[in-house]
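Visitor: I would like to go through this model term by term. Please set each value against its cut-off.

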Amino acid sequence: MNFSKTFLSACFGIVAIGACAANPQVIAHRGYWKADGSAQNSIRSLVKADSIGCYGSEFDVWATADGAIVVNHDATINGITIQTSPASIVMPQGLHNGETISTLQKYLDTAKGLKTRIILEMKEHADKAKEEQVVKDIVALIAARGLEDRTEYITFSKEGLFNFIKYAPKGTPVFYLSGDMTPAELKAAGAAGLDYSIGAMRKHPEWFKQAHDLGLKVNVWTVNKEGDMKWCIEKGADFITTNEPELLQSILK
Ligand code: MG
């Protein structure tokens, strides 16, 4: 075989490998909040993530002092600490786009009419007994709306990870966010996989293959730069969570 034939066959091999690797799914981080009229964790961000065909829309939940589950990223909203304040104080609080903070119920009622998957992050609560009850309440709210097959749970809380695995229907994907468990440890725990930061995965690129060899999935957050997106795609990430879902979609095309 002459040089040019060897070169061409090597190129074809690379193209074939590329074509075989499945594209990662796109998850909008805190919804598609960069869209017009949107805000992080707003109802509109969920609707906008769905409107551009995201596989999933991620959002964060906290429980108020009296057990209402609300959608917000930070522990506080407008200076009010959600975990230690009653719903009567928390619920009137406004988001940047003019919506008020949403209950999980209202969020799910909207999600019910959409197609995008529900990537629900339960935030780590200080009171672990309360946190266990929050997991049970979340699972019940999802079940009441028949959304079990469209929901995936993620959390930084190790107790939360074990509790979602315990209380959600068998087979519900549960991912861990903290980056301090190996793929083998997550497999043993019964998790669906790892949902780790781009920094954690850059430090442990071997975790992509280790996870896949164990039958686990890999999600990477929050991947906003083109170079990081391409690296995750090359490494075979199953999901990429991003603030720039349309940029990622254009790269995947
Ligand atoms: Mg989150």
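Visitor: What covers the buried residues of α9?

Guide: The cover includes α7 (183-189), β10 (193-197), α8 (198-203), β11 (217-221) and α10 (226-235). Contact here means heavy atoms within 4.5 Å. Helices (H or I, at least four residues) and strands (E, at least two) are DSSP runs, numbered from the N terminus. This is a predicted model, in which local features need pLDDT of at least 70 and side-chain atom pairs count only at pLDDT 80 or more, while totals for chains, interfaces and linings use all residues. Residues are numbered from 1 along each chain as its sequence is written, and side-chain values use heavy atoms, with hydrogens and water left out.

Visitor: Which residues of α9 are buried, and what puts them on the same side?

Guide: Trp207, Phe208 and Ala211 are the buried residues of α9 (residues 206-213). They cover an arc of only 110° around the axis, so they sit on the same side of α9. The arc is taken from the directions from the helix axis to the C-beta atoms. On the face turned away from that side, α9 carries the exposed residues Lys209 and Asp213. Just after α9, glycine 215 takes a positive phi of about 80°.

Visitor: Which residues of α2 are buried, and why are they said to line one face of the helix?

Guide: Ile43, Ser45, Leu46, Ala49 and Asp50 are buried in α2. Seen down the axis of α2, the buried residues fall within an arc of 165°, so they line one face. An α-helix has 3.6 residues a turn, so residues three or four places apart point the same way. The cover over the buried residues of α2 includes β1, β2 (56-63), β6 (102-103) and α4 (104-112).

Visitor: Why is serine 85 called buried?

Guide: Buried means under 20% relative accessible area, exposed over 50%, and partly exposed in between (1.4 Å probe, protein chains only). Serine 85 has a relative accessible area of 11%, so it is buried. Serine 85 is found in the loop between β5 (80-81) and α3 (87-90). Leaving aside residues up to four places away in sequence, serine 85 touches Thr64, Ala65, Asp66, Ile80 and Val90.

Visitor: What does the side chain of serine 85 reach?

Guide: The side chain of serine 85 reaches the backbone oxygen of threonine 81 at 2.6 Å.

Visitor: Are arginine 30 and asparagine 78 buried or exposed?

Guide: Arginine 30 has 16% relative accessibility, so it counts as buried. Asparagine 78 has a relative accessible area of 53%, so it is exposed. Arginine 30 lies in the loop between β1 (25-28) and α2 (43-51), and asparagine 78 in the loop between β4 (76-77) and β5.

Visitor: What is the phi of arginine 30, and what is that of asparagine 78?

Guide: Phi is near 60° in arginine 30 and near 50° in asparagine 78. Most residues other than glycine have a negative phi.

Visitor: Which residues are the protein donors of the magnesium ion?

Guide: Glu58 (OE), Asp60 (OD) and Glu121 (OE) are the donors, lying 2.0 to 2.1 Å from the magnesium ion. Donors are N, O and S atoms within 2.8 Å of the metal (3.2 Å for Na, K and Ca); water is not among the atoms, so sites may look incomplete. Glutamate 58 in strand β2 and glutamate 121 in strand β7 (residues 117-122) are 63 residues apart. Both glutamate 58 and glutamate 121 are buried.

Visitor: What is the mean pLDDT of the chain?

Guide: The mean is 93, and 92% of the residues reach 70 or more. Over residues 1-20 the pLDDT is below 50. pLDDT is the predictor's confidence in each residue, from 0 to 100.

Conventions. Polar contact = N/O pair within 3.5 Å; in protein donor to acceptor, adjacent residues only side chain to side chain.
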